[in-house]
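Trainee: Could you walk me through reading a model like this one, feature by feature?
Mentor: Gladly; let us look at it together.

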Amino acid sequence: MTDYLADVQKYDSSADEAVVNKIVRHLGIALRNKDSALVSASDPKELERVREKWCEKKLGVGGSDADAAIAATAKAMADDRSKSRVTFYYLVAKNLGKLQTL
């Protein structure tokens, strides 16, 4: 099993383990498949899915705020070829100031 907290801490050294665990529980079965456990930041359909399912449904944020948070996260993780979905979602939530609402 991947150490999700360690991966998140590459981008946020003060990452809250409880928040990371909540994201892992939210994603559930999707993390079992390698393809669905990763985010393809170059795929517009994938980024739209992140916007709809994570930003709008889970975090309650849409529009340009969600798009800006997704773009900032994609830029921050640009050097990482295998973008963990847990880390990506954590950073999007952090960019939106929604970590404490999870």
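**Reading the model**

Mentor: Let us start with Thr73, which is found in helix α4. Helices (H or I, at least four residues) and strands (E, at least two) are DSSP runs, numbered from the N terminus. This is a predicted model, in which local features need pLDDT of at least 70 and side-chain atom pairs count only at pLDDT 80 or more, while totals for chains, interfaces and linings use all residues. Residues are numbered from 1 along each chain as its sequence is written, and side-chain values use heavy atoms, with hydrogens and water left out.

Trainee: Is Thr73 buried or exposed?

Mentor: Buried means under 20% relative accessible area, exposed over 50%, and partly exposed in between (1.4 Å probe, protein chains only). Thr73 has 1% relative accessibility, so it counts as buried.

Trainee: What does the side chain of Thr73 reach, and with which residues is Thr73 in contact beyond its neighbours within four places in sequence?

Mentor: Contact in general means heavy atoms within 4.5 Å. The Thr73 side chain reaches the backbone oxygen of Ala69 at 2.9 Å. With those neighbours set aside, Thr73 is in contact with Phe88, Leu91, Val92 and Asn95.

Trainee: Which residues of α4 are buried, and why are they on the same side of α4?

Mentor: The buried residues are Ala66, Ala69, Ile70, Thr73 and Ala74. They cover an arc of only 135° around the axis, which puts them on the same side of α4; the arc is that of the directions from the helix axis to the C-beta atoms. Elements covering these buried residues include α3, β2 and α5. On the face turned away from the buried side sit the exposed residues Ser64, Asp65, Lys75 and Ala76. Lys75, for instance, counts as exposed because its relative accessibility is 69%.

Trainee: What span does α4 reach from its first C-alpha to its last?

Mentor: The expected span of a helix is 1.5 Å times one less than its number of residues. With 14 residues, α4 reaches 20 Å from first C-alpha to last, close to the 20 Å expected.

Trainee: Which side chain makes a polar contact with the side chain of Asp67?

Mentor: That is Arg51, at 2.8 Å. Arg51 has its place in helix α3 and is buried, with a relative accessible area of 16%. Not counting residues up to four places away in sequence, Arg51 touches Glu56, Gly62, Gly63, Ala66, Asp67 and Ile70.

Trainee: How should I read α2, and which of its residues are buried?

Mentor: In α2, Val19, Val20, Ile23, Val24 and Leu27 are buried. They cover an arc of only 145° around the axis, which puts them on the same side of α2. Their cover includes α1, α3 and α5. At the start of α2, a side-chain oxygen of Asp16 comes to within 2.9 Å of the backbone nitrogen of Ala18. After α2 comes Gly28, with a positive phi near 45°.

Trainee: Which residues touch the most other members of the largest nonpolar core?

Mentor: A nonpolar core is a set of buried Ala, Val, Leu, Ile, Met, Phe, Trp, Tyr and Cys residues joined through side-chain atoms within 4.5 Å. The largest one has 32 residues, and Ile23, Trp54, Val86, Phe88 and Tyr90 touch the most other members. Its largest share, 7 residues, comes from α5. Beyond residues up to four places away in sequence, Phe88 touches Val39, Leu47, Val50, Ile70, Thr73, Ala74 and Met77.

Trainee: How many aromatic pairs does the structure hold?

Mentor: A pair of aromatic rings is described by the distance of the centres and the angle of the planes. Rings of Phe, Tyr and Trp (its six-membered ring) pair if their centres lie within 6.5 Å; planes under 30 degrees apart count as stacked, over 60 as edge-to-face and the rest as tilted. The structure holds 1 aromatic pair. Trp54 and Tyr89 form it, stacked at 4.7 Å centre to centre with 25° between the planes. The pair links distant parts of the chain, with Trp54 in helix α3 and Tyr89 in helix α5, 35 residues apart.

Note on methods: Polar contact = N/O pair within 3.5 Å; in protein donor to acceptor, adjacent residues only side chain to side chain.
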